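Subject: Structure handover

Hi,

Here is the structure I promised to pass on.

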Amino acid sequence: PGVPAAPSVGRWWVMAMGVAILLLRTPIRMTAGHWAGAAFLAVCSASLAWSASPLDTAGALVHLAILSGVFILAAENACPAGAIHFFGIGITVSAFFSVAQLFGWQPVLNISDGPVGLFLSKNGVTEAALPILAWAVLARRWVLVPGALLSVALGGAKEAVLMAVASLALVGAVRCGWRAAAILAGLAAISLVVAATWPESATHTLNERLAIWQVTLAAWEINPIGYGLVTYPALMSGIEYAHDDYLQLLFEVGPVGLLLI
């Protein structure tokens, strides 16, 4: 996750072949979501014609097509709980690698200051493991709890512990039937996490991002149709991404692509 050159990496081609074979064997029921997704892919493909960086756009289209195939297969899954369970097993395997990293073994690329197993960064592993942790407790799949807890704790993301506690508290509220209370508690938990983890340096970061958003909007106004899928880093010299997926999509594939996504 998070590797810019992902479409050229071998595992993506293996994934592409697997998805293609499964799609041939799977009857697809076209829903409104499927049609919207197909239209979004069409807009992204059309952007290849005017892309400022055609090779980058072509690579991104390969990546996007593979992910779309995965989502289509998932939509036909009669039992999503089974898929979540296997994702939890994957988190557990990643947790094993995290423990190994604690003892100095580095089998995979890691750009974080804490062990993150098979993930690239601590934010990635936290975002993946927290929902699994909450689901495992809610569904009483206790065997998945240790791996999810280890992944959250060892990753060392500053919000991880607070969010884990908040998630488990919300699961308890839902189990008791207090759904309205759970929603309010969730909003309160998010506010507390932000307040408790907001460093002084974040104010500077926020101002920097506001400036990036202003520049991104100004650049889009020059060419409202968009500059082509994943052309943002190539055109915005010195800015790797917009820190806002919707704004970056507006820049790359215009208002039609943004509306479809």
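Below is what turned up, starting with the whole chain and then going to single spots.

Some ground rules: this is a predicted model, where local features need pLDDT of at least 70 and side-chain atom pairs count only at pLDDT 80 or more, while totals for chains, interfaces and linings use all residues. Residues are numbered from 1 along each chain as its sequence is written, and side-chain values use heavy atoms, with hydrogens and water left out.

The chain comes to 11 helices and zero strands (DSSP runs numbered from the N terminus: H or I of at least four residues for helices, E of at least two for strands). Of its 261 residues, 34% are buried (buried is under 20% relative accessible area, exposed is over 50%, partly exposed is in between; 1.4 Å probe, protein chains only).

Now the rings. The whole structure has four aromatic pairs (rings of Phe, Tyr and Trp, the last by its six-membered ring, with centres within 6.5 Å; planes under 30 degrees apart are stacked, over 60 edge-to-face, the rest tilted). One of them is edge-to-face: phenylalanine 96 and phenylalanine 97, at 5.8 Å centre to centre and 85° between the planes. Phenylalanine 96 is exposed, at 55% relative accessible area, whereas phenylalanine 97 is buried, at 18%. Tyrosine 227 and phenylalanine 251 count as stacked because their ring centres are 4.6 Å apart and their planes at 25°. This pair links distant parts of the chain, 24 residues apart: tyrosine 227 is in the loop between α9 (201–222) and α10 (232–235), phenylalanine 251 in helix α11 (residues 245–260). Both of these residues are buried. Elsewhere, ring pairs join Phe96, Phe97 and Trp105 into a cluster.

Helix α11 also holds glutamate 252.

Cheers
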